[in-house]
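Here's a quick briefing to read with the structure open beside you. Have a look at the fold first, then at the charges.

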Amino acid sequence: ERKNIMQKESISSQEFQLPIQTQDPLLYAQPYDISAHGFYFRSLEEFTDKSSGLLNHYGDLVEEFEIQFIDGDDLDCELFKALSIHQGTIGDYFKTTEYLSDDQKIRIILATRECGYSFDYSSDDPDGYDIDIYELDSLRDLAEQFIEDGLFGEIPENIRYYLDLDAIARDLAMDYSEATIAGKNYIFRCA
């Protein structure tokens, strides 16, 4: 009975099946033309191949697509959103997800989403953003780390217990912010 239902549809079931997950992000090209059907893809080459001959129900070539993130690494999804990926930047996006380290991706996400920087694929260095980033749960943890690192000078061990870490954390909040990226909390400061 299921076969009969699938055979009655004018659109093949293959168009609606999700490809098996691999490491590459799975994206979907949704045509702006409502009389055309979109497609899934995992590379610029696959997008180009599938989009170059895509016709709508009237036989016209489909040229414009909204690009949607469907499946993949949480960090790649956050990067996709932070960079506002569109049809003109998907090639650069695939290069970025392939060649950059997770730390560089996090730096780009914070720089563009939280600090107001832009990112140019051809000329910007992800490590060139002046941002201090700490993977910590809270500003209180940052205060503790700064004390351990000696940023407040040499504090004897017996006096450390009397420090008001919450007050230090409130002071740090004047310069530092928190953001969650791919399920991890980051404390950061934009310069």
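What follows covers the overall fold, the salt bridges and a charged patch. Keep in mind that this is a predicted model.

**Overall fold**
- The chain has eight helices and six strands, running in the order α-β-β-α-β-α-α-α-β-α-α-α-β-β.
- Of the 191 residues, 37% are buried.
- If you take contacts between residues at least 6 apart in sequence, 51% of them join residues at least 24 apart.

**Salt bridges**
- There are nine salt bridges in the structure.
- D132 pairs with R189, with 2.4 Å between the closest N and O atoms. This one ties together distant parts of the chain, since D132 sits in strand β4 and R189 in strand β6 (residues 184-190), 57 residues apart.
- D132 is partly exposed at 24% relative accessibility, and R189 is partly exposed at 31%.
- In helix α2 (residues 44-52), K50 and E46 are four residues apart, about one turn, and their side chains meet at 3.0 Å, N to O.
- R140 and E144 form a salt bridge at 2.9 Å; they are about one helical turn apart because four residues separate them in helix α6 (residues 139-148).

**Negative patch**
- D73, D74, D102, D103, D125, D127, E135, D137 and E178 make up a negative surface patch.
- One of them, D125, is in the loop between α5 (102-114) and β4 (131-134); D125 counts as partly exposed because its relative accessibility is 45%.

How values were computed
Residues numbered from 1 in each chain as written. Predicted model: local features only at pLDDT ≥ 70, side-chain atom pairs only at ≥ 80, totals over all residues. Heavy atoms only, no water. Patch = residues over 30% accessible without salt bridge, like charges linked within 9 Å, V, L, I, M, F, W, Y side chains within 5 Å. Areas by Shrake-Rupley, 256 points an atom, 1.4 Å probe, with all protein chains shown as cover. Salt bridge = Lys/Arg side-chain N within 4 Å of Asp/Glu carboxyl O. Lys, Arg positive; Asp, Glu negative; His and termini not counted. Charge placed at Lys NZ, Arg CZ, Asp CG, Glu CD. Helix = DSSP H or I, 4+ residues; strand = E, 2+ residues; numbered from the N terminus. Buried < 20%, exposed > 50% of the residue type's maximum accessible area, 1.4 Å probe, protein only. Contact = heavy atoms within 4.5 Å.
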